[in-house]
Amino acid sequence: MTSGPNTDPRGGTAGTTSPKRRGTELALLGFALLITLSAQAVVDLTITGSLRAELPVFGAWFTALWLVAHLAVRRFAPYADPLLLPSVALLVGLGLAVIHRLDLAAEQVNSTVTREDAPVQLVWATLGVVLFVVVLVVLRDHRVLSRFAYTLALLGLLLLAIPAVLPSSLSEVNGAKIWIRVAGFSIQPGEFAKICLIVFFAAYLVDKRDVLALASRRVAGLELPRARDLGPVLVAWALSILVLVFERDLGSSLLLFGIFVVMLYVATERASWLLIGLGLFAGAAFIAYQVFAHVQSRVDVWLSPFDYRDGAGYQLVQSLFGLGTGGLFGAGLGGGRPDQVPVAKSDFIAAAIGEELGLFGLVAVIIVYLILVERGLRSSLIVRDAFGKLLAAGLSFAIAWQVFVVLGGVTGLLPLTGLTTPFLAYGGSSLVANFVLVAVLVRISDAARRPAAPAGPPKPALGDAPTEVVQQ
């Protein structure tokens, strides 16, 4: 891609000024903070009848968290999009409020419960903000990542492979081998592998896009790629199948392959790649349904959840009942029974939001996700380098695809996958990894919106003699 005469390679426009809009970001962060504290207060008053003593400490901690993040953006990425950070802050804050509400419900059912998950999630959010700042400080130019593309690809593959080779006692939770659990500490390495592989996909497709865009023949209006160019998509397909087979993780398999196919489409602008990817995954899914019992069980539960309401379908049935109870406007924070859904804090937190905030509240949350994804895609459109375009598009689509798959599972539109809702759901690995993802998006956005440095005076051509000033 070539740059016009009035643009610089990072996406700025020469001779124009782009507002930094850090004041707008700070005001929106204040709005997110207000909603978070209000939600926490409503939960306390509804369930316990009084405000908890820890609320001021939580408020100060949460405020300091986003103030640090804002100051980091102001200092190290001053031209970044002002909506990215507030969108994340609102999602994290709402997630903390719902997790706290479920903690209180667990205490009411079992008074001996001593651990609360909301404070743990706040600690993970703090670690996420620390890594967010570190990425902004260390990564001053997103194009540097392309130099380490193959190293990151190897790291991503290792992170994916480690749970598969570990004993089930150290890696398996609810049938999926996607964890590393040692001495009470657990981490899901696939969340970080996702980012590493997206960076590799972007760098690889920039190098090979001219070859992959070549067409062999036109069929029904679609320009099909040459057979010898199918290698990359077949490798990505094989990787997703290996994840499905050895880790029994339908969610990560679907996520990784979907990201690669969409990035391939963005790089080549060939719709035929989407159809090829869809056909490959549909074929693999059919075979997996025939061969693997855990895949067959999930599909059967998805098709007829009420037939399995006393067993494997109990979680989905309770989720559907909760969404139905919530209706349009919900039962109010603290007014429903979202704790009746197993693992509501992580896999099914969207069902808890739908029950207590209703359809309107759930749609509002989806709109916040859409804003986050749209601003990422906008950065992809206006940044000038091809690597930045593909990287921003891949990272943005990763968020959108994951939210779609999770909400599809919760509402019965898709089979359950085990993925977590980004920023909302309880889980340290997902939260920290997504903070790193957003930090890279912020860096690309800063490069895209940053104005070009003013051009200096033209240099004399080689061999031109300097002009002499002759006094009269």
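Contact here means heavy atoms within 4.5 Å. This is a predicted model, in which local features need pLDDT of at least 70 and side-chain atom pairs count only at pLDDT 80 or more, while totals for chains, interfaces and linings use all residues. Residues are numbered from 1 along each chain as its sequence is written, and side-chain values use heavy atoms, with hydrogens and water left out.

**Stop 1: alanine 331**

Select alanine 331, in the loop between helix 12 (314–326) and helix 13 (349–382). Helices (H or I, at least four residues) and strands (E, at least two) are DSSP runs, numbered from the N terminus. Leaving aside neighbours within four places in sequence, alanine 331 is in contact with Gly326, Gly336, Glu355 and Glu356. Alanine 331 counts as partly exposed because its relative accessibility is 37%; buried means under 20% relative accessible area, exposed over 50%, and partly exposed in between (1.4 Å probe, protein chains only).

**Stop 2: the whole chain**

Zoom out. The chain has 15 helices and six strands. Of its 472 residues, 49% are buried. Among contacts between residues at least 6 apart in sequence, 74% join residues at least 24 apart.

**Stop 3**

Select residues 22–47, which are helix 1. Its 26 residues reach 38 Å from the first C-alpha to the last, close to the 38 Å expected at 1.5 Å a residue; the expected span is 1.5 Å times one less than the number of residues. Buried residues of helix 1 include Leu29, Ala32, Leu33, Val43 and Ile47. Show helix 2 (55–76) and helix 3 (84–109), which are among what covers them.

Now look at arginine 21, in the segment before helix 1. Arginine 21 has a positive phi of about 60° although it is not a glycine. Most residues other than glycine have a negative phi. With 40% relative accessibility, arginine 21 counts as partly exposed. Just after helix 1, glycine 49 takes a positive phi of about 85°.

**Stop 4: glutamate 269**

Where is glutamate 269? It lies in the loop between helix 9 (250–268) and helix 10 (271–291). Glutamate 269 also has a positive phi of about 60° without being a glycine. This residue is exposed, with a relative accessible area of 67%.

**Stop 5: tryptophan 66 and the cores**

A nonpolar core is a set of buried Ala, Val, Leu, Ile, Met, Phe, Trp, Tyr and Cys residues joined through side-chain atoms within 4.5 Å. The largest has 116 residues, and Trp66, Val92, Phe132, Leu205, Leu391 and Val442 have the most contacts inside it. Apart from it lies another core of six residues, among them Ala39, Val43, Ala97 and Leu104. Select tryptophan 66: beyond four places in sequence, its contacts are Leu29, Leu85, Val88, Ala89, Val92 and Phe435.

**Stop 6: aromatic rings**

Trp66 also belongs to an aromatic cluster with Phe58, Phe62, Phe423 and Phe435. Arginine 52 lies over the face of phenylalanine 58, 5.6 Å from the ring centre (NZ of Lys or CZ of Arg within 6 Å of the ring centre and within 35 degrees of the ring normal).

The whole structure has 13 aromatic pairs. Rings of Phe, Tyr and Trp (its six-membered ring) pair if their centres lie within 6.5 Å; planes under 30 degrees apart count as stacked, over 60 as edge-to-face and the rest as tilted. Finish at phenylalanine 200 and phenylalanine 201, whose ring centres are 6.1 Å apart with planes at 55°, so the pair is tilted. Both phenylalanine 200 and phenylalanine 201 are buried.
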